[in-house]
Amino acid sequence: SSGINAEWPLRPGITISQLSLVDLAGSERASKTNATGSQLKEAGGINSSLMTLHTCLETLRANQIAGRNIKMVTYRESKITLLFKNFFEGSGKVKMVVCVNPRSEDFDETLHVMKFAELTQDVQVQRGQEVHFDENILQ
C-alpha cells in the first residue's frame, strides 16, 4: 500500500505529497572499509549514483547561471536521481542532511562531503506552474 488514502476526484484543500529518505551509508571509500564481494559491489553502485547526482546538480547550476536550459538534466541515469525527478523538474523540494566524521584521519572524505553539500546549496530550480483540473471534466 502506498500510504496515500485519497479519493478521486480530490476534495479542495487536500494535498498529496511525497517524502523520500535516502541513506547513503556505504558510500565511504572502499579502502577504509575493507569491503569485498557484494558489499564492495553495493558501495560501487552507491558511489556511481552519487556521481550521477553530482552531475545532475552541476547541470542544474550551469543552467541556472546561464539563465536558460543549455543542457538537459540526466536524472534518469540512476535510481537515486530518478527518485528526485520532481525536484529536477521544478515541482519538488529537496533537503540534504550530511553526517561527517570529525576524526583527522577522515579529513579528506569529510571535505569531499562538505563540498558536495555546498554544491546543493547553490542550486535553485524554477518552479513550474500549478495544474488545476476541472472536476466537471472528470465526472
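Buried means under 20% relative accessible area, exposed over 50%, and partly exposed in between, using a 1.4 Å probe and protein chains only. This is a predicted model, where local features need pLDDT of at least 70, side-chain atom pairs count only at pLDDT 80 or more, and totals for chains, interfaces and linings use all residues. Residues are numbered from 1 along each chain as its sequence is written, and side-chain values use heavy atoms, without hydrogens or water.

**View 1. Two cysteines, Cys56 and Cys99.** Cys99 counts as exposed, at 71% relative accessibility. Cys56 is buried, at 0%. A disulfide is a pair of cysteine sulfur atoms within 2.5 Å. By this rule the model has zero disulfides.

**View 2. Helix α2 crosses helix α5.** Helices are DSSP runs (H or I, at least four residues), numbered from the N terminus. Helix α2 spans residues 37-66 and helix α5 residues 107-122. Their axes, lines fitted to C-alpha atoms over the stretch in contact, come within 9 Å and cross at roughly 35 degrees. Angles run from 0 to 180 degrees between N-to-C directions. The crossing is left-handed: the near helix is turned anticlockwise from the far one by less than a right angle.

**View 3. The contact of α2 with α5.** Contact means heavy atoms within 4.5 Å. From α2 come Leu50, Leu53, His54, Leu57, Glu58, Arg61 and Gln64. From α5 come Phe116, Leu119, Thr120 and Asp122.

**View 4. The largest nonpolar core.** Such a core is a set of buried Ala, Val, Leu, Ile, Met, Phe, Trp, Tyr and Cys residues joined through side-chain atoms within 4.5 Å. Helix α2 gives the most, with four residues.

How values were computed:
Helices (H or I, at least four residues) and strands (E, at least two) are DSSP runs, numbered from the N terminus.
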